[in-house]
Amino acid sequence: MPLTEQQQAEIEAARAQRAETRRPTVPALEGLLYQPFQVLDHGFVRVIDYMGDDAAIVQAARVSYGRGTRRVSEDAGLIRYLMRHRHSTPFEMCEIKYHVKLPIFVARQWIRHRTANVNEYSARYSILDKEFYIPDPEHLAVQAATNRQGRGAAIEGEAAQRVLDLLRRDAENAYSGYAAMLNEDASGSPIDPARPGLARELARINLSLGFYTQWYWKTDLHNLMHFLSLRADPHAQYEIRAYAKVMLETLRRWVPMAHAAFLEYRMNAATISATGLAVIRRMIDGERIEQASSGLSAREWRELMALLGR
Ligand SMILES: Cc1cc2nc3c(=O)[nH]c(=O)nc-3n(C[C@H](O)[C@H](O)[C@H](O)COP(=O)(O)OP(=O)(O)OC[C@H]3O[C@@H](n4cnc5c(N)ncnc54)[C@H](O)[C@@H]3O)c2cc1C
């Protein structure tokens, strides 16, 4: 994630600034504002701005006039209640804005979350940096046999090296073609004045999904937690999970009560079907149940047993 000196200086300048405000702030999040947290080989996440805190959720839920005088434990209890009963709008009162640098294939998964405001770096307007994602060798794996959307056993040794070499070679080739078509140096002057430079919006079309893009991504707390519940989940692809993991930590710093309730009732909780619940009741009553007599499909049975740690 090498930032240029100018980018680093801009971040430092932003971090050095202080603004007086009547609005409540969250010191734990203020402390990491603007700071980039590395994700994958060239990516990052940084918090650019936020609105609201745990108390704002409570305030909205009670439609109160001020910050209230109730005890912290009462606020935490209310937030847990709201989370448990799937109340959404009090959480929508808080907002957060991130700057994310991410490979295009991760961006394609991410952009499916429609309930955010996004502004992406324009490769029609600007030249993309020569930055592409090469997985760490430990993340190379074969296609999973059981889950079609996933990875199986690790690929190691010579086979892994071959994959890494191919990824690097193809990305290098794609970028050198891009640079040749653009025919521009860093100042925008032609490298070879005898040749026309292709428009940026066309020169980019051969770049592959591993190249990095960037965006500002703003969402509310309710939809952030929805995003994290799907993308920090083990079913999500490792690369987007890596981003979700960093964002989970920003959530913890920002709204610790909502974060704790989120882990309790969403992230580490489970949804059980009516038939699954009936199976659990029968088990508690001491009945010995097999999949065939459970009313669950083989897959549902496996999933329920995994949930119950059996
Ligand atoms: C593990 C995993 C695998 C996936 N695999 C695939 C795949 O193979 N192919 C594929 O195409 N996608 C895939 N997706 C993407 C997935 O189907 C969703 O598009 C994505 O997760 C965004 O979820 P969302 O719509 O709930 O989020 P958001 O767009 O943020 O929406 C949040 C909620 O708002 C509501 N909402 C938003 N927009 C509308 C609307 N227009 N109409 C009604 N309600 C709306 C819905 O309740 C929705 O749940 C996958 C996602 C995951 C996590």
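A helix crossing counts as left-handed when the near helix is turned anticlockwise from the far one by less than a right angle, and right-handed when clockwise.

These close-ups come from a predicted model, where local features need pLDDT of at least 70, side-chain atom pairs count only at pLDDT 80 or more, and totals for chains, interfaces and linings use all residues. Residues are numbered from 1 along each chain as its sequence is written, and side-chain values use heavy atoms, with hydrogens and water left out.

**View 1. Helices α9 and α11 cross right-handed.** Here α9 covers residues 221-231 and α11 covers residues 256-267 (helices are DSSP runs of H or I, at least four residues, numbered from the N terminus). They pack at about 45°, and their axes sit 11 Å apart (lines fitted to C-alpha atoms over the stretch in contact, with angles from 0 to 180 degrees between N-to-C directions).

**View 2. Helices α12 and α13 pack with their axes 11 Å apart.** Residues 274-284 make up α12, residues 298-307 make up α13, and the angle between the two is about 55°. So α12 is oblique to α13. The handedness of this crossing is right-handed.

**View 3. Nine shell residues surround the ligand: Arg112, His113, Arg114, Thr115, Gln149, His226, Leu230, Arg231 and His235** (each with a heavy atom within 4 Å of the ligand). Sorted by type, the shell has one nonpolar residue, five polar and three charged (Ala, Val, Leu, Ile, Met, Phe, Trp, Tyr, Cys and Pro are nonpolar; Asp, Glu, Lys and Arg charged; the others, Gly among them, polar).

**View 4. Ligand oxygens pair up with Arg114, Thr115 and His226** (polar contacts are N or O pairs within 3.5 Å). A polar backbone atom of Arg114 lies 2.5 Å from a ligand oxygen. For Thr115, a side-chain N or O atom is 2.5 Å from one, and for His226 the side-chain distance is 2.6 Å. On its own the ligand exposes 940 Å², and the protein buries 49% of that (Shrake-Rupley, 1.4 Å probe).

Technical notes
A polar contact is a pair of N or O atoms within 3.5 Å; within protein, one must be able to donate a hydrogen and the other to accept it, and residues adjacent in sequence count only if both atoms are side-chain atoms. Angles under 35 degrees count as roughly parallel, over 145 as roughly antiparallel, 65 to 115 as roughly perpendicular and the rest as oblique.
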